[in-house]
Amino acid sequence: MSAGWDTGELAGALTGLGHDVREYDAAGKRAGERLATDWADGDWAPEVVYAHGWSAGVASLAAGTAPLVQAFHGIGAVGKPDDRRAYERLICRIAHRIVAGSTDEAGELLRLGVPRARITVIPPGVDCELFTPVGEPQPRVRPRVLATGDEPWLADLVRAMRMVPDAECVILGGPPALAALAERCRVADRIVLHPAVPRDALPAWYRSADVAVCAPWRDPSGRAPIEAMACGVPVVGTATGLVRDAVIDGLTGELVPARDPRALGISIRGLLADDVRRFTAATAALDRARQVYPWQRIADRTVAACLEACGRTVPVEADALS
């Protein structure tokens, strides 16, 4: 499983739709042979295989002739081993359907030569019963900006906080090196580096924030922006990957150029200073998360992709995400 996806949640949503779903670990050597043996000797064999990641796709191709629906979640990443790139190209030629996690990833697939007709954009989903604005927030004493993760772009956020003098910035799971940067930027008194928290504790942190920030240089399909939106928090982010698709600039939050701390700081400061604009964005963000990204809706789109791979009729309600 790659960043941003939860195969257990997707499997649960598919099962809830009445589909027989089996999960397999396709990691390790000879995974394809193990799958083939299981499907041949057991009392069940798949009508279609949905593979998460290139290694699962390779194992699925080796296992049998069931139609393959492939989700890469990060194809085209810099620094991939040559053998992985070769396998990805092989899968792109053979898979019946390929799922892109964002429109950016769909573009990567097009550049690899995958026909547009075989690409379906299905983003990661969010548990809208867990991530909700209803519930107790984490306590705070002043306006709060929130970010999660351990990525290089968080240094841009620390620098951006020089332009947001009246707020604190909480970073869950951020690298300790940010503390030294915060000292150099003279914002150490307003930067809180908190250890990563369990997933079920995240909603309380989102609910405590006025603005969530997700400003990666290149998005590997992490779920932070849609989790924040599902908690009724506007997002300031960069126009890349899932962030570009999820955040409607000027409506559910704002999009700024990557690697631009000044633009990031101006955007955060503007939202914090304008209660009406921020509350309007929070409402729009919540509505978009509930309409577009709940796991049940993602499961509907996944079923549609699988049915298309099998040459079967796609239900009308499984319309395209927007």
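Predicted model: local features only at pLDDT ≥ 70, side-chain atom pairs only at ≥ 80, totals over all residues.
Good morning. I begin with an open sheet of 6 strands, whose order is 7-6-5-8-9-10 and whose pairing is parallel. Strands, here runs of E of at least two residues, and helices, runs of H or I of at least four residues, are both taken from DSSP and numbered from the N terminus. Two strands count as paired if DSSP finds at least two bridges between them. At the edges of this sheet are strand 7 (191-194) and strand 10 (253-256), each of which pairs on one side only. On average, neighbouring strands here are turned by 20° against each other, with direction ignored. Such angles are taken between N-to-C directions and run from 0 to 180 degrees; the axes are lines fitted to C-alpha atoms, for helices over the stretch in contact.

Residues are numbered from 1 along each chain as its sequence is written, and side-chain values use heavy atoms, with hydrogens and water left out.

Let us look at strand 9 (residues 235-238) and its partners. Strand 9 pairs with strand 10 in the parallel sense over 4 bridges, and threonine 238 stands opposite valine 256 in strand 10. Strand 8 is joined to strand 9 by 3 bridges, and the two run parallel; here alanine 212 is opposite valine 235 of strand 9.

Are the residues on the faces of strand 9 buried or exposed? Val235 and Gly237 on one side, and Val236 and Thr238 on the other, are all buried. Buried means under 20% relative accessible area, exposed means over 50%, and partly exposed lies in between, with a 1.4 Å probe and protein chains only.

What lies across strand 9? Helix 11 (residues 261-273) lies across it, and also across strand 5 (144-148), strand 8 (211-214) and strand 10, running at about 165° to strand 10.

Helix 11 has another neighbour to consider. In general, two packed helices are described by the angle between their axes and the distance between the axes. The axes of helix 11 and helix 12 (residues 275-292) come within 5 Å and cross at roughly 100°. The two helices are therefore roughly perpendicular to each other, a term used for angles of 65 to 115 degrees, whereas under 35 counts as roughly parallel, over 145 as roughly antiparallel and the rest as oblique. Gly270, Leu271, Leu272 and Ala273 of helix 11 meet Asp275, Arg277 and Arg278 of helix 12. A contact means heavy atoms within 4.5 Å. The residues of this contact divide into 3 nonpolar, 1 polar and 3 charged. In this scheme, Ala, Val, Leu, Ile, Met, Phe, Trp, Tyr, Cys and Pro are nonpolar, Asp, Glu, Lys and Arg are charged, and the others, Gly among them, are polar.

Strand 1 pairs with strand 2 (residues 68-71) in the parallel sense over 4 bridges. Across this pair, tyrosine 50 is opposite valine 69, and histidine 52 is opposite alanine 71. Val49 and Ala51 point one way from strand 1, Tyr50 and His52 point the other way, and all are buried.

Next come two loop residues. In general, most residues other than glycine have a negative phi. Arginine 186, in the loop between helix 7 (178-184) and strand 7, has a positive phi near 60°. It is exposed, with a relative accessible area of 76%. Arginine 259, in the loop between strand 10 and helix 11, also has phi near 60°, and counts as exposed at 55% relative accessibility.

Finally, the whole chain has 13 helices and 10 strands. Of its 322 residues, 50% count as buried. Thank you.
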